[in-house]
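Visitor: I am new to this structure. Please show me how to read its features, one by one.

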Amino acid sequence: EEVIFRSLASISCLRHNTIGWEFDELPVKDNSEPAAFLIASHRDCVDDDKVDTVNDHLKHRIQSSTELFTENLIQFSAPGKPIFALDTTRDQKEIEDLRKSLHNVINTNFKDIEVPVSWCALSLKLKRRKQSLYTYQTCFKLAKESGIKDEDDFKAVLWFLHNRAGTIMYYPDVEGLEDVIITNIQLVFDRITELMTSCFTFKNLDSSALEEFDTMGMFTESDIRELSKRKGDPLTPKRLV
């Protein structure tokens, strides 16, 4: 429950985030409203009665939290459940209902945002090149070719593509990633999945690290560094964390 509410708070705050971007105010006018879907797969592995119990408990907690409920931050499924519980092996109707719900929310909550044509041109250029990572200067060069001449405007389009379009990831406030623009989002998810799998299968960790995990429930920074040693890779385990 705590993890879910923390995640919802992050979603609510994300659209206002300009930390590390050096903006006095948001670089685009945006009247959209945040929306969150709680989706749980593998319902076939859990007893339906337990799923219903969790759904009922969360519904009560959400309705008693006026900040979440009145703003419609959380989207409910057709039966009025906060969790869209899916058995992805056979729930075709439920999956289709979820798709329709997503479509309706996008049409209702997310208003049109006016952005310069040059911003769209850069986004299309990055998508067509099918490259996973760019340096800041290389991407800025592509931006100039797309009609973006000013560096302040370039930072604004990076913010928009990161925080609104979700087509890139750029973290100017993360040490070691200030010069890295990620255009293949799947790459990040793959690396995080690999990191989690390596941690919880104790791959490449010695006995002292395992004892530390058993005692404290955490890995040290040096342990995490041992999990991946791709030469020259900017997405190191520490930076992923």
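Guide: Start with residue classes. Ala, Val, Leu, Ile, Met, Phe, Trp, Tyr, Cys and Pro count as nonpolar, Asp, Glu, Lys and Arg as charged, and the others, Gly among them, as polar. By these classes, the lining of the largest pocket divides into 16 nonpolar, four polar and five charged residues. Two notes on the source. This is a predicted model, where local features need pLDDT of at least 70 and side-chain atom pairs count only at pLDDT 80 or more, while totals for chains, interfaces and linings use all residues. Residues are numbered from 1 along each chain as its sequence is written, and side-chain values use heavy atoms, with hydrogens and water left out.

Visitor: What volume does the largest pocket have, and which residues lie nearest its centre?

Guide: A pocket is found on a 1 Å grid over the protein atoms alone, as an open set of points with protein on both sides within 12 Å along at least five of seven lines; lining residues have an atom within 4 Å of a point. Grid points are joined across faces, edges and corners, and the volume is the space filled by probe spheres set on them. Here the volume is about 630 Å³. The lining has 25 residues, with Ile 11, Leu 14, Phe 110, Asn 163 and Arg 164 nearest the centre.

Visitor: Which helix gives the most to that lining?

Guide: Helices (H or I, at least four residues) and strands (E, at least two) are DSSP runs, numbered from the N terminus. The chain has eleven helices and five strands. H7 gives the most to the lining, with five residues. Helix H1 (2-14), helix H4 (92-109) and helix H7 (151-165) each supply at least two.

Visitor: Is Asn 163 buried or exposed?

Guide: Buried means under 20% relative accessible area, exposed over 50%, and partly exposed in between (1.4 Å probe, protein chains only). Asn 163 sits in helix H7. Its relative accessible area is 9%, so Asn 163 is buried. Of the 241 residues in the chain, 36% count as buried.

Visitor: What does Asn 163 touch?

Guide: Contact means heavy atoms within 4.5 Å. Leaving aside neighbours within four places in sequence, Asn 163 is in contact with Leu 14, Asn 17 and Trp 21.

Visitor: How do H5 and H7 pack?

Guide: Axes are lines fitted to C-alpha atoms, for helices over the stretch in contact, and angles run from 0 to 180 degrees between N-to-C directions. Helix H5 (residues 117-129) and H7 pack at about 60°, with axes 11 Å apart. For handedness, look at the near helix: turned anticlockwise from the far one by less than a right angle is left-handed, clockwise is right-handed. The crossing of H5 and H7 is right-handed. H5 brings Trp 119, Leu 122 and Ser 123 to the contact, and H7 brings Asp 153, Phe 154, Ala 156, Val 157, Phe 160 and Leu 161. By class, that contact has seven nonpolar, one polar and one charged residues.

Visitor: Where do Glu 22 and His 42 lie?

Guide: Glu 22 is in the loop between H1 and strand E1 (38-40). Its phi is near 65°, a positive value in a residue other than glycine. Glu 22 is exposed, at 67% relative accessible area. His 42 lies in the loop between E1 and H2. The phi of His 42 is also positive, about 60°, although it is not a glycine. At 47% relative accessibility, His 42 is partly exposed.

Technical notes: 1 Å grid on protein atoms, 1.4 Å probe; cavity = no way out; pocket = protein on both sides within 12 Å on 5 of 7 lines; lining within 4 Å.
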